[in-house]
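Let's take a friendly walk through this structure, with an eye on charged pairs and the nonpolar core. Have the sequence and the 3D view ready.

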Amino acid sequence: MADEYFAVSEKVEALYEAPRWLLADAEGTEMAKLRREMHRRMLGNGYCARPVEMDCDFESICESCTFFVTTIEFRPTLERQRDDAAAKRQVAREQFFDGLLGRLDGEAS
C-alpha cells in the first residue's frame with residue numbers, strides 16, 4: 001500500500017513541476033474554433049452567447065435578445081447609449097438601457 005501511495009505522490013508532484021505554458025499545438029482544433037468564434041461574436045457593448053448552430057437574423061437588436069450578455073466593462077458604452085436616447089427623447093429606449101444598467105448593478109452587489 002505504501003509503495004502505491006508514494007508512486008501516486010511522485011506523479012502528482014511531477015504535475016506541479018511541469019512547465020506552466022502550453023505548446024503551440026496543444027490548443028486543438030475545437031478549442032481554436034471556439035476562441036475564434038468568441039471574437040467574431042463580440043458586440044460593442046457586450047457579447048452574444050447564442051450558440052453558432054442557432055443562426056441569428058437580427059443585426060441591431062442584440063441587447064434585447066435573450067442570448068445577450070454584458071459585463072461591467074461595458075457600463076460606459078451603455079451609459080452613453082442611454083444618454084443618447086434621453087437626448088433624443090426616446091423614452092422606451094432610455095428605459096431599456098436603464099434596465100440593462102440596473103441588471104449590471106444587481107450583478108455587482
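Arg 75 is buried, with a relative accessible area of 18%; buried means under 20% relative accessible area, exposed over 50% and partly exposed in between, using a 1.4 Å probe and protein chains only. This is a predicted model, in which local features need pLDDT of at least 70 and side-chain atom pairs count only at pLDDT 80 or more, while totals for chains, interfaces and linings use all residues. Residues are numbered from 1 along each chain as its sequence is written, and side-chain values use heavy atoms, with hydrogens and water left out.

**Around Arg 75**

Arg 75 belongs to helix 3, which covers residues 75–87. Helices (H or I, at least four residues) and strands (E, at least two) are DSSP runs, numbered from the N terminus. Setting aside residues up to four places away in sequence, Arg 75 touches Leu 101, Leu 104 and Asp 105, where a contact means heavy atoms within 4.5 Å. Arg 75 is also linked with Glu 79 and Asp 105 in a network of salt bridges. A salt bridge here is a side-chain nitrogen of Lys or Arg within 4 Å of a carboxyl oxygen of Asp or Glu.

How many salt bridges does a search of the whole structure find? The search finds six. Side chains of opposite charge can pair when their charged atoms come close.

| Asp 98 | Arg 82 | 3.1 Å |

Asp 98 forms a salt bridge with Arg 82. Asp 98 lies in helix 4 (residues 91–108) and Arg 82 in helix 3, so this pair ties together parts that are 16 residues apart in sequence. Asp 98 is partly exposed, at 34% relative accessible area.

**The loop between the helices**

Arg 89 sits in the loop between helix 3 and helix 4. Is Arg 89 buried or exposed? Arg 89 is exposed, with a relative accessible area of 73%. Its backbone deserves a look too: Arg 89 has a positive phi of about 55° although it is not a glycine. Most residues other than glycine have a negative phi.

**The nonpolar core**

The largest nonpolar core has seven residues: Cys 62, Phe 68, Leu 78, Phe 97, Leu 100, Leu 101 and Leu 104. Helix 4 supplies the largest share of this core, four residues. Such a core is a set of buried Ala, Val, Leu, Ile, Met, Phe, Trp, Tyr and Cys residues joined through side-chain atoms within 4.5 Å. Beyond its neighbours within four places in sequence, Leu 100 is in contact with Glu 63, Phe 68 and Leu 78.

**The chain as a whole**

The chain has four helices and three strands, running α-α-β-β-β-α-α from the N terminus on. Of its 109 residues, 18% count as buried.
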